[in-house]
Amino acid sequence: MVKLSKRMQAVADLVDNVDSVADIGCDHGYLPMYLVEAGRIKRAVAMDVRKGPLAAATEHIKEAGLEDKITTRLSDGLANLKDGEGECVIIAGMGGRLIIRILQEAMPFLTGSGGVKQLVLQPQSELSFVRQSLREMGLCVVKEDMVYEDGKFYPMGRYEFGTPKEITDQELFDLYGTLLLTERHPVLYDYLIKELHTFEEVKKSLSNMKEGEKRQLRQREIEQKLQHNQMARNFF
C-alpha cells in the first residue's frame with residue numbers, strides 16, 4: 001500500500017463516507033491510490049493541469065494495477081470533471097487564492113448535478129481569506145485538522161454546503177479555524193505559541209525603527225495580531 005506523508009495522511013483521513021473522489025492537482029497520484037487500496041473509496045479521478053505529474057500518476061496507478069478504479073485526466077481545476085465522478089473533491093497543497101478561484105469557477109457544477117457531497121481542502125496560504133470566501137460561497141466546515149511536518153504547520157478541513165452559523169468574533173475564527181479553536185487542537189496551540197514569539201520579536205525590532213507614520217502603522221498592526229493571538233490562546 002502507498003505510504004503517505006503526515007500531511008497527506010491527514011488529508012486522506014478527512015475523506016468520509018463517499019464512494020468516489022476527484023483529486024484536483026493530483027501530483028503523482030498517491031492520495032487516490034491510498035484511498036482505493038485502503039478500501040476507503042471505490043473509484044477516483046486524478047486530475048492535474050500539468051502533463052508531467054499526470055504522466056507520473058498514470059504510471060504509478062498502472063504499476064499498482066489500479067487502472068480500472070482510478071482514471072487520470074488533464075484538467076484546469078474541475079473543468080473536465082463529469083457528473084457523479086467525485087462525491088468528494090480534494091484540493092490540497094495549492095495557494096489559497098488559487099483554490100478559491102478553482103471553486104468559484106466550478107460553482108455551477110458543485111451546486112448543480114455534479115453530485116459533490118463534500119470538499120476536502122488544504123490551502124497553503126491566505127487561510128483567513130479562504131475561510132471567509134468559503135463561507136460566502138455557502139460552505140460550512142464540518143471537520144478540521146492541523147499537522148506539523150518538516151518545520152511547517154498545515155491546517156485543513158472538510159466542507160459541505162449549508163447555511164453557515166452567525167459567529168461573533170468571525171475575524172478570529174477566520175484567522176485560526178472555528179473547529180481548531182473550539183476543539184482546542186493541540187497543534188494549533190503549538191502554532192499560536194510560535195506565532196506569539198514571532199510577533200513579539202517584530203514588536204521588539206520596531207523600537208529600532210525611525211519614528212514616523214510607517215512605524216506607528218506597523219505597531220498598530222502587530223498589536224492587533226498580538227490581541228488576536230491572545231484571544232485564540234484563551235480557548236486553551
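Which residues in H9 meet which residues in H10? In this predicted model, the H9 side of the contact includes Leu192, Ile193, Leu196 and Phe199, and the H10 side includes Ile222, Leu226 and Ala232.

**How H9 and H10 pack**
- Helix H9 spans residues 186-206 and helix H10 spans residues 213-233.
- Their axes lie 10 Å apart, and the packing angle is about 155°.
- Angles over 145 degrees count as roughly antiparallel, so H9 and H10 are roughly antiparallel to each other.
- The crossing of these two helices, H9 and H10, is left-handed.

**Who meets whom**
- From H9 come Leu192, Ile193, Glu195, Leu196, Phe199, Glu200, Val202, Lys203 and Leu206.
- From H10 come Arg215, Arg218, Gln219, Ile222, Glu223, Lys225, Leu226, Asn229, Ala232 and Arg233.

**The cysteines**
- The disulfide count for the model is 0.
- Cysteine 26 takes part in no disulfide, and the nearest cysteine sulfur to it belongs to cysteine 88, 15 Å away.
- Is cysteine 26 buried or exposed? Cysteine 26 counts as buried, because its relative accessibility is 5%.
- Cysteine 88 also counts as buried, with a relative accessibility of 0%.

Conventions:
Residues are numbered from 1 along each chain as its sequence is written. This is a predicted model: local features need pLDDT of at least 70, side-chain atom pairs count only at pLDDT 80 or more; totals for chains, interfaces and linings use all residues. Side-chain values use heavy atoms; hydrogens and water are left out. A disulfide is a pair of cysteine sulfur atoms within 2.5 Å. Buried means under 20% relative accessible area, exposed over 50%, partly exposed in between (1.4 Å probe, protein chains only). Axes are lines fitted to C-alpha atoms, for helices over the stretch in contact, and angles run from 0 to 180 degrees between N-to-C directions. Helices (H or I, at least four residues) and strands (E, at least two) are DSSP runs, numbered from the N terminus. Angles under 35 degrees count as roughly parallel, over 145 as roughly antiparallel, 65 to 115 as roughly perpendicular and the rest as oblique. A crossing is left-handed if the near helix is turned anticlockwise from the far one by less than a right angle, and right-handed if clockwise. Contact means heavy atoms within 4.5 Å.
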